[in-house]
Number of protein chains: 2
Amino acid sequence: MAEPCKPSELTYQDAGVNIDAAESALDQAKDSIRKTFGPRVLADVGSFGGLFRADNLGDEPVLVATADGVGTKIRIASAIGRFDTVGRCLVQHCINDALVQGATPLFFLDYIGVGKLDSQMVAEAVSGVAVACADHGMALLGGETAEMPGVYPEGEFDLVGTLVGVVERAHVLDGTRVQAGDVLLGLPSDGLHTNGYSLARRIVEERMGIADWNLPFPGEEGLSCADVLLKNHLCYLEPLKPFLERPALHAMAHITGGGVIGNLPRILNGHGASVSRKSVPAQNVFTQLVEAGNVPRDEAWRVFNMGVGMILVLAAEAADGIAQELHSAGQSAFTMGTVTTEEGIHWLD
Amino acid sequence: MAEPCKPSELTYQDAGVNIDAAESALDQAKDSIRKTFGPRVLADVGSFGGLFRADNLGDEPVLVATADGVGTKIRIASAIGRFDTVGRCLVQHCINDALVQGATPLFFLDYIGVGKLDSQMVAEAVSGVAVACADHGMALLGGETAEMPGVYPEGEFDLVGTLVGVVERAHVLDGTRVQAGDVLLGLPSDGLHTNGYSLARRIVEERMGIADWNLPFPGEEGLSCADVLLKNHLCYLEPLKPFLERPALHAMAHITGGGVIGNLPRILNGHGASVSRKSVPAQNVFTQLVEAGNVPRDEAWRVFNMGVGMILVLAAEAADGIAQELHSAGQSAFTMGTVTTEEGIHWLD
């Protein structure tokens, strides 16, 4: 008698998951990951968890931890198949988030979620993360790549990072030193950094009518839309490191999602601020997007950084000196306004 | 003269992003997040980075960091709109990953990426993470919610976590003590934990022909498919904590993606193992999935945990004693095999 008919065999591969591709991606990125390891890293790539020696981090060390993604900037990367720059943006975004609390980076972990795993793409993204970590003296201690058919459409992916840094407790920037009369010193961004991309993409596609990210961006000599919109999120660690323990540095705000109005109040410890929008050097990318999208001015300042990547809150008497030191070191800066007793952001213009 | 006709105004909301919904979700989850804060947490919810005092963590403290997601288990949560249990699974998965290196948890950060932000859903997921963190004495130090239309289809989301734990350097479990003749002691899983879901979902939908996750799962009294497949990823921290500094505990493997064959070799330090699959108590969920999907046996053992959540590698002379201590504490365990000199996993049956 014949055996009853069995259904065909189902495997993980049939369900759209390719374990080998993830391993191959990790193999390709291993060398660039190992280059991030300093003497504090104790385990090799591929352990269940990364090991980081935490002895002698300071007298009263405080760990600062932050998690973030790069938002829908990643969709432009997916669209044109350039995966290294978003990794750098992610790393530099997280460094800035820790920096505004006074911290310098120790280690980083990344996560890539993807609809269909392309080992070349993942290797490029992870290597981008690793190279940026190495540039800023931070270990890429761990990571995970997950192939999740259905959660992500084919061709889409998300890139998430977590950074752990350290600051001496006496030098934590928590806003307690902020007082009325403090001066706001802005540092320029370089384009959108990692915020406002859902709106920016819609404006480029629908209002500028640009269907291909490789076409020129209006008003930018020789730069494609992808070039302009994939510009690196600037890292302010190196220019600001000399100032982190200065008593005159009262607080810092990293201008990300929510813009100046969403981020500056977070560090003012109950104070407000008078801010001149005209003091911020205009950048063509914002002028073009706001014009083409007819984005209301307040909305533009809530969605985009509008040209300011970081704001320092400085003791009034020290502000000019610090601005000059920054200029001498090649970092431009502009006075944006002052801290007020009254809560909320008051636009001067 | 009439002004030239301007295009209609575009806002972030038009581009599918709702900043207020993210803030509302965080507000709803704030209380449960604050409940995770111990005396080492220095900043409140909503800072750029979480602050964690790292003084006096030990003589030679080593930080153990691990990042992970919950895979496509999340699609079942999305499908039935139950968002708290995947948060707990994520936390407990990460705790186990740090535990196998000997570490106990300090703090956690979460990331939620979503196509369209539903503040109720995000609040439920974050609260699920927070409650699980509190249960295991870990601070939920930070997190991020990103609304990313297009990266995630509407209704889909991803949930990612990063854990930082600590272990005294002398007690790091790095496999160096593993030797031939060591005994493998398995601890039972409770269902799929967080791996193999792409295959499991396909089998349930296509081979069992079950179109609704609320329908009964074959062979499970009173449990729906969602109940069975959303069972919590077990956490082995509490049962194993008393053994972490025992010299007889040579190594541990957390059985996740890749199954026994993918995870056990990672900790054997160049040794191999002889493993009895029949020693692992069979669970109905695996029997049903393998049968309905006609999944080849080796493939099933590579995709699913097949009933073993954690494997301890123990000095032979201490294995029985430790198994009995575990049993006395209410933790079942089973001898699965032994460590061999020859590399690779050799199935005994």
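Reader: Which residues in α5(A) are buried?
Author: This is a predicted model. Helix α5 of chain A spans residues 197-207 and is mostly covered, with eight of its 11 residues buried. The buried residues of α5(A) are Y197(A), S198(A), L199(A), A200(A), R201(A), R202(A), I203(A) and V204(A).

Reader: What covers the buried residues of α5(A)?
Author: Eight of the 11 residues of helix α5 of chain A are buried. The cover over these residues comes from elements of chain A, including α2 (73-80), α6 (225-229), α9 (284-293) and α10 (297-303).

Reader: Which residue with a positive phi follows α5(A)?
Author: Helix α5 of chain A comprises residues 197-207. After α5(A) comes a residue with phi near 65°, and this is G209(A).

Reader: Where is N294(B), and is N294(B) buried or exposed, or partly exposed?
Author: N294(B) lies in the loop between α9 (284-293) and α10 (297-303) of chain B. Its phi is near 45°, a positive value in a residue other than glycine. A residue counts as buried if 20 or more other C-beta atoms lie within 10 Å of its own, and as exposed if 12 or fewer do. N294(B) has 14 other C-beta atoms within 10 Å, so N294(B) is partly exposed.

Reader: M306(B) also has a positive phi; is M306(B) buried or exposed?
Author: The phi of M306(B) is about 60°, although M306(B) is not a glycine. M306(B) is found in the loop between α10 and β9 (308-314) of chain B. The cut-off for a buried residue is 20 or more other C-beta atoms within 10 Å. M306(B) has 22 other C-beta atoms within 10 Å and is therefore buried.

Reader: By what turn can chain A be laid on chain B?
Author: The superposition has an RMSD of 0.0 Å, with a shift of 0.0 Å along the axis, and the turn is 180°. The two copies are therefore related as by a two-fold rotation axis. The same surface serves both copies, since 100% of the contact residues of chain A recur in chain B. The turn asked for is 180°.

Reader: Which residue of chain A comes closest to the rotation axis?
Author: Chain A is laid on chain B by a turn of 180°. Taken by C-alpha, the closest residue of chain A is at 2.7 Å from the rotation axis, and this is Y152(A).

Reader: Which strand gives the largest share of the side of chain A that touches chain B?
Author: The contact takes 79 residues from chain A and 79 residues from chain B. By class, the side of chain A has 41 nonpolar, 22 polar and 16 charged residues. The largest share is nine residues, from residues 61-69 of chain A, which form strand β2.

Reader: Which residue stands opposite R53(A)?
Author: Strand β1 (residues 50-53) of chain A and strand β2 (residues 61-69) of chain B run antiparallel and are joined by four bridges. The residue of β2(B) opposite R53(A) is V62(B).

Reader: Within chain A, which element gives the most to the side of domain 1 that touches domain 2?
Author: Chain A is divided into domain 1 (19-46 + 58-171) and domain 2 (183-347), and their centres, taken over C-alpha atoms, are separated by 24 Å. The contact takes 24 residues from domain 1 and 25 residues from domain 2. On the domain 1 side, the elements that give two or more residues are α2 and α3 (84-99) of chain A. The element that gives the most, with nine residues, is α3(A).

How values were computed:
Residues are numbered from 1 along each chain as its sequence is written. Chains are lettered from A and ligands numbered from 1 in the order in which they are written. This is a predicted model: local features need pLDDT of at least 70, side-chain atom pairs count only at pLDDT 80 or more; totals for chains, interfaces and linings use all residues. Copies are superposed by least squares on the C-alpha atoms of residues with pLDDT of at least 70 in both. Two residues are in contact if their C-beta atoms, placed from the backbone, lie within 7 Å. Ala, Val, Leu, Ile, Met, Phe, Trp, Tyr, Cys and Pro count as nonpolar, Asp, Glu, Lys and Arg as charged, and the others, Gly among them, as polar. Two strands pair if DSSP finds at least two bridges between them. Domain bounds come from an automatic or database domain assignment.
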